Amino acid sequence: MLTLAETVHHTTAGDPAALQGAVQIAKWIPVLPLVSMLVCGLLGCLPNKSLRKAAAPITILAIAGAFGISVKVLMAVMGDLHGAGAGVVVHAFDWIHVGAPGTDSFFAANFGFYIDGLTSVMLLTVTGVGTLIAVYASGYMAGDTGYFRFFAYISLFIVAMTLLVLADNLVLLYLGWEGVGLASYLLIGFYYRKPSAVAAAKKAFIVNRVGDFGFALGIMMTFLVFGQIGYDALMGSGGVATAEHVATLGGWQQSAVMIIPFLLMLGAFGKSAQLPLHVWLPDAMEGPTPVSALIHAATMVTAGVYMVCRLMPIFQLNPASLYTVAIIGGCTAVFAATIALCQYDIKRIWAYSTCSQLGYMFLGAGVMGTTGAVFHLFIHAFFKALLFLTAGSVMHALAGQLDLRKMSGLFKKMPITAVLMLIGCLALAGVPFTSGFFSKDMIITEALIKHPWLGWMAIGTALLTAFYTFRLWFRVFMGPTEYEMGTEHHGYEMDHEPDDHHHGPHEMPWLMNAPLVILAVGALVLGWLCYKNTDFIKDMIHGSTAYVKHETMAKELGMSLEEYEKLEHDKHAFVSLVSGGGAIVMIALAAFFFWFNRGITASIAGMFKPIVTFLNRKWYIDELYHAVIVTPLRAIGWTCYLLFDRFLLDGVVYDGLFQYVPKLVGEAQAPTQRGKLQGFALTMGLGLLVVIAIIAFNVLS
């Protein structure tokens, strides 16, 4: 068996020495949270319940350790790949080998890692934000009887997500993909005695199965067409996922190449909550708030965007697939933004905001602006985690209350939380010089160049985003101080009644606020640092499978490189002015309606009640799905149950053949069973004579 160092090789030319040290310890990134998961599970089996409190520090240390290793990998990648671009494949061990090597039917999926700039960015996001959220959760979940179980699930998620990101082939990617789905199901349904949480977990699981089925078919078809499932073999130097290689394939294979991206994108749309598979994400807010921040805002839901960017060479084989990705992303962005305008639950507003922002990322990927897509993915993790966690602080302080209509003027009671959420709101709204301003504008610029109508949709969405974001903030923190306490802490099961249950709103302890401060700093300055000083994201994905050269984009538009870059510069200046200035105008309108003139707002809402109701009911998509899909399937299920289970199996087979028929036979024989030994002996003798007669007849004949 080769050692890890011996199995490292570059997918492009370059000296591997700079990556050797980082690569040798990269395998510990998923191992540390795996150990944490096992230890947390073991703590739950111990009779001493006080030891279960150790689950939080164990999980925090494990994820922080993974983050430290990720930073080391990042620094090595920056040193080795800066401005040049290369990837490294690390073969850990043989995993799945089917068939004879060298034949067309040979299938191999090794347990290996693919380390490049895109991997490093994703690892930094997952483990960095994950560490901060775990610290926050250690205070938020204090006193919950499922404390150890919660951190075991969080560790499971980090294991699966890091495997997904590190995978060097599609099968290992799919293993991590399904792993994060399992962790999501467990965490959404964490409060398993709460019917709404159980229903939300099942909904997320079933809706994601639709997308995952398409993804699985896409992986199978990729192997059938190309005979490969490894990134290096598919998309590396000399890989087969090229137009030149496709031209040499047979007729059915060339047709299949056109279908593969659509199957892959189905999985991406399910995991990242895009139309029409978006319905699970808002209901997923039934899970604890740290779960919403980590899984359903910052990390898991970005897996679909990561997959499309990672497999960009495959999507480029069919331009129609990229156009579809862009259309679905743009439509989801504006669709979810309109719904967020008229929601009253704080967490659900941020949930629809997440759907909308993910739509931006898909729009960026669809117009081949993968730099902007990955940039926004990275930045979004900071400000959206911040927004969810500050919403959790409000929920925590108001004993579970999340209704905007039942709180106002909380700035005086929770000034630190108010300022922290304000920073997140500024970044989400794309206010100039915040992180969200830089990343969002890159996507809009590329969309305006490639498909102007989608670019204008994105600009409209940006304006709606600024309005609904500050509708929430002004409604919760400004105006007269009024509030109505909720009826729970943050779940249904506590070791004891929380001390703050009957008190008014109050600030969170610094154990919970300190991670939020770090996220707030990132939301404010990280985008500017990356965009202006170091071009961090551009350098990191340069050379990865996600990178699309400007020459390629210029060729798509029939321009020279100089013409394209000039057009991009002009469009970017225009977008910065329109979206940045528009955000400030929409914030001012939100202040007018939801801070200074709430009475007028209520009157206007009454005048447009049908529209408000339509948006509040989420375009009646859930009702439509229930009528068109759920109700017919339930009817079919009940029909099958009544016809096959109750009538055929229980009635005809069980009650009839196995119960009623033997009963009839027994009753027919009952008169002969009188209990008289003479009768039994006579019957046995007659039977014996019949047997002897049959034997004699066969012998003599």
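1. Phe269 sits in helix 10 (residues 251–271). Helices here are DSSP runs of H or I with at least four residues, and strands are runs of E with at least two; both are numbered from the N terminus. This is a predicted model: local features need pLDDT of at least 70, side-chain atom pairs count only at pLDDT 80 or more, and totals for chains, interfaces and linings use all residues. Residues are numbered from 1 along each chain as its sequence is written, and side-chain values use heavy atoms, with hydrogens and water left out.

2. Is Phe269 buried or exposed? Phe269 is buried, because its relative accessible area is 6%. Buried means under 20% relative accessible area, exposed means over 50%, and partly exposed lies in between (1.4 Å probe, protein chains only).

3. Beyond its neighbours within four places in sequence, Phe269 is in contact with Gln274, Leu275, Leu277, Val325, Ile328 and Phe362. Contact means heavy atoms within 4.5 Å. Ala303 is 34 residues from Phe269 in sequence, and their C-alpha atoms are 9.8 Å apart.

4. Now the cores. The largest nonpolar core has 209 residues; Phe226, Ile346 and Trp350 touch the most other members. Its largest share, 18 residues, comes from helix 17 (residues 370–397). A nonpolar core is a set of buried Ala, Val, Leu, Ile, Met, Phe, Trp, Tyr and Cys residues joined through side-chain atoms within 4.5 Å. Another core, of 13 residues, lies apart from it; Val367, Ala447, Ala458 and Ile459 are among its members.

5. Phe226 deserves a look. Setting aside neighbours within four places in sequence, its contacts include Leu234, Val240, His245, Leu249, Ile260 and Leu317.

6. Next, a helix pair. The axes of helix 20 (residues 452–477) and helix 24 (residues 561–596) come within 8 Å and cross at roughly 30°. Helix 20 is therefore roughly parallel to helix 24. Axes are lines fitted to C-alpha atoms, for helices over the stretch in contact; angles run from 0 to 180 degrees between N-to-C directions. Angles under 35 degrees count as roughly parallel, over 145 as roughly antiparallel, 65 to 115 as roughly perpendicular, and the rest as oblique.

7. Which residues make the contact? Among them are Trp456, Ile459 and Phe470 of helix 20, and Phe574, Met586 and Trp595 of helix 24.

8. The whole chain comes last. The protein chain holds 28 helices and five strands. Of its 701 residues, 54% are buried. Among contacts between residues at least 6 apart in sequence, 81% join residues at least 24 apart.
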